[in-house]
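Please keep the sequence and the structure in view while reading.

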Amino acid sequence: DDPYDSLIGLDHKTRAEIILVAEETMKDRPLELLEWHHEKFINDYFAETGLFLKHNLLVWAEVILRHLIKLRSESPAIGPYNHETLYLQRYLMQTLQKQENTQKRMKFFIC
């Protein structure tokens, strides 16, 4: 089960508007200032990552995922081998694979 599947039925414009709301909501807690114990904000950023993934804003999703993986790995209660951390790593791998495929397609059309 993918928690981001609930975004599938939303059109491009609606997802873009939700991203704007998410950005406004999180402006008080920049990603760089998050610490492993800021659970609410970590969950908010995870939700925003789903919006970025479904909106093909892959670099933004990558940046957040890398940071969330770092935070989860630093957490004494969670750590690097917890299912949450591994779940985030799986999303990161998917994001990197999509970026690679996109870059390959762009090279094909540029040549």
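How many residues of the lining of the largest pocket are nonpolar, polar or charged?

## Basis of the model

The model is predicted, so local features need pLDDT of at least 70 and side-chain atom pairs count only at pLDDT 80 or more, while totals for chains, interfaces and linings use all residues. Residues are numbered from 1 along each chain as its sequence is written, and side-chain values use heavy atoms, without hydrogens and water.

## The largest pocket

The lining divides into 8 nonpolar residues, no polar ones and 4 charged ones. Here Ala, Val, Leu, Ile, Met, Phe, Trp, Tyr, Cys and Pro count as nonpolar, Asp, Glu, Lys and Arg as charged, and the others, including Gly, as polar. Among the lining residues are Glu23, Lys27, Tyr45, Phe52 and Trp60.

Beyond four places in sequence, Tyr45 is in contact (heavy atoms within 4.5 Å) with residues including Met26, Pro30, Ile64 and Leu68.

## Threonine 49

Threonine 49 is buried, with a relative accessible area of 0%; buried means under 20%, exposed over 50% and partly exposed in between, with a 1.4 Å probe and protein chains only. A polar atom of the threonine 49 side chain lies 2.8 Å from the backbone oxygen of tyrosine 45. Not counting residues up to four places away in sequence, threonine 49 touches Tyr4, Ala61, Ile64, Leu65 and Leu68.

Definitions and conventions: 1 Å grid on protein atoms, 1.4 Å probe; cavity = no way out; pocket = protein on both sides within 12 Å on 5 of 7 lines; lining within 4 Å. Polar contact = N/O pair within 3.5 Å; in protein donor to acceptor, adjacent residues only side chain to side chain.
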